[in-house]
Amino acid sequence: MNKSVLEERKASISDKSEHGRGICCERESVSGAVSQRACVYCGARVVLNPITDAYHIVHGPIGCASYTWDIRGSLTSGASTYRNSFSTDLRETDIVFGGEKKLSAAIDELMEKTEPAPKLIFVYATCIAGVIGDDIEAVCRAAAKKYGIRVIPVKAPGFSGTKPQGYKLACDAVMALISPGINQSKRFGVNILGDYNLAGETWIIRSYLEEIGIPVISTITGDASYEKLMRAPTAVLNLVQCAGSSTYLAERMYAEMDIPYIKVSFFGIEDTTASLFRVADALGKPEISAKAREFAKRRSSEVVPVIAKYKPYLEGKRAAIFVGGGFKAISLIRQFNELGMKTMVAGTQTGKKDEYEIISALADDEAVILDDANPAELERFMLEKQADILVGGVKERPLAYKLGIAFCDHNHERKHPLAGFEGIENFVREVHTTINSPVWKYVKGGPA
Ligand code: SF4
């Protein structure tokens with residue numbers, strides 16, 4: 001670890017000899033290191049945006065409002081309100097004289113001009129609103145009283161912490177929203193937390209659960225609506241899909257609503273089958289456990305031939321991973337292991353120590369493990385470890401292509417599901433198509 005790694009970053013880069021335990025993580029990004037990690041506001045927005053009938057007002061300069069549905073494409077079975085984004089577009093004069101009046105006026109305008117009439121509005125304070133100290137809580141309270149709707153403040157200036165802080169603020173906002181329903185009676189069924197219905201993945205997981213006899217009461221927040229969210233306190237179990245963004249919400253729901261939770265992952269055969277078994281067993285009904293085993297056996301047997309078909313073309317290929325959370329990275333490494341591939345670079349934006357330990361155990365013996373990496377580090381280690389493919393998100397795609405390395409989008413912009421048994425097939429095909437594309441023959445430094 002030398003030249004292209006800043007001195008202050010060295011503790012966040014580890015190899016197998018440290019078993020992930022020594023890695024420095026869950027810290028603020030190093031100033032000037034050009035982190036790939038998104039800001040606090042972005043963390044909050046990613047969790048709340050998929051609520052399909054909510055209005056989102058970004059109280060800040062227009063630039064923050066560019067973080068919209070268009071780059072976080074979760075799908076809806078109902079309203080499309082969430083595809084719009086609203087901003088108070090703060091300017092210099094607002095910074096001098098305050099932006100609270102502008103925010104009140106923005107809420108008034110939404111109430112007057114939008115159809116359907118808002119029932120739920122989230123107001124995000126971004127960096128500038130945080131610096132000038134606008135009291136968005138007071139404005140939201142007044143608007144909620146004036147219009148008899150829910151107006152929930154999310155104080156998320158980007159500078160106030162790290163992306164997980166934004167997740168936490170979003171979870172607090174969800175709790176503020178659903179807490180009035182706390183005294184409803186419980187009924188047999190689960191909530192899915194931390195699945196954002198990318199390319200319809202929530203619908204896939206819901207269909208599995210329903211087929212094995214488990215009703216889904218609420219999804220938080222993929223394809224969620226105000227009414228459906230209000231039913232969430234009635235569930236008997238929470239399933240946490242994206243652990244990074246939703247474990248805090250699950251803990252609060254356990255403490256305040258007596259709903260226990262388990263962590264699940266529906267990426268890859270191993271994690272999908274194990275998760276179905278664990279969910280079924282946690283509900284304590286032998287007939288559901290039996291159905292889960294029959295279902296998983298049948299669906300696994302359909303994808304095993306697909307994996308067998310592509311494995312000879314992928315065995316021995318070298319993968320680099322840079323994704324949001326540690327749980328997803330773990331599932332991805334398991335999927336690469338099933339394909340006989342080696343994970344040589346494994347990084348996350350928000351991984352935790354225990355997750356890095358598992359990542360370290362699963363990755364190749366020569367792998368390098370990175371927390372909160374920047375483009376220079378990713379470039380250096382992808383080249384050094386001779387990666388054939390990078391799995392990441394929109395910010396990593398150009399980096400891979402510029403280096404002549406294949407790329408697989410595993411973030412919020414993709415258009416096809418990668419979760420569940422359908423997702424396993426899509427993933428294997430995509431990895432094969434991109435790694436073995438003839439284009440790499442013509443790109444200097446490519447894998448072919
Ligand atoms: S860092 Fe601040 S200014 Fe930039 S997008 Fe986040 S909240 Fe907006």
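Ser85 is partly exposed, with 18 other C-beta atoms within 10 Å; a residue counts as buried if 20 or more other C-beta atoms lie within 10 Å of its own, as exposed if 12 or fewer, and as partly exposed in between, with C-beta atoms placed from the backbone. This is a predicted model, in which local features need pLDDT of at least 70 and side-chain atom pairs count only at pLDDT 80 or more, while totals for chains, interfaces and linings use all residues. Residues are numbered from 1 along each chain as its sequence is written.

Ser85 lies in the loop between β2 (55-59) and β3 (86-87). Helices (H or I, at least four residues) and strands (E, at least two) are DSSP runs, numbered from the N terminus. Leaving aside residues up to four places away in sequence, Ser85 touches His56, Val58, Ala65 and Thr68, contact being defined by C-beta atoms, placed from the backbone, that lie within 7 Å. Phe97 is 12 residues from Ser85 along the chain, and the C-alpha atoms of the two are separated by 25 Å.

## The six-strand sheet

An open sheet of six strands has the order β1-β12-β11-β10-β13-β14, with mixed pairing; two strands pair if DSSP finds at least two bridges between them. At the edges stand β1 (13-15) and β14 (406-409), each with a single partner strand, so one side of each has no neighbour in the sheet. Direction ignored, neighbouring strands of this sheet are turned by 20° against each other on average. Helix α16 (residues 420-435) packs on the sheet, where it touches β13 (389-392) and β14, and its direction makes about 155° with that of β14. Axes are lines fitted to C-alpha atoms, for helices over the stretch in contact, and angles run from 0 to 180 degrees between N-to-C directions.

The pairing of β1 with β12 is antiparallel and extends over three bridges, with Ile13 opposite Leu370 in β12.

## Strand β11 and its partners

All seven residues of strand β11 (residues 342-348) are buried, so this strand is largely enclosed by the rest of the structure. Strand β10 (residues 318-323) pairs with β11 in the parallel sense over six bridges, and Phe322 has Gly347 in β11 as its bridge partner. Strand β12 (residues 368-371) also runs parallel to β11, joined by four bridges; here Thr348 is partnered by Asp371 in β12.

Two right-handed β-α-β units include β11: one is made by β10, helix α12 (residues 326-338) and β11, the other by β11, helix α13 (residues 353-362) and β12. A crossover is right-handed if, with the strands pointing away from the viewer, the path from the first strand over the helix to the second runs clockwise.

## The four-strand sheet

A further open sheet, of four strands, has the order β7-β6-β8-β9 and parallel pairing. Its edge strands, β7 (216-220) and β9 (261-263), each pair on one side only. Strand β8 (residues 237-240) and β9 are parallel over three bridges, and Val240 has Lys263 in β9 as its bridge partner.

Helix α7 (residues 201-211) packs on this sheet, touching β6 (190-193) and β7, with its direction at about 160° to that of β7. Helix α9 (residues 243-257) also packs there, touching β6, β7, β8 and β9, and its direction makes about 165° with that of β8.

Methods: Contact = placed C-beta atoms within 7 Å.
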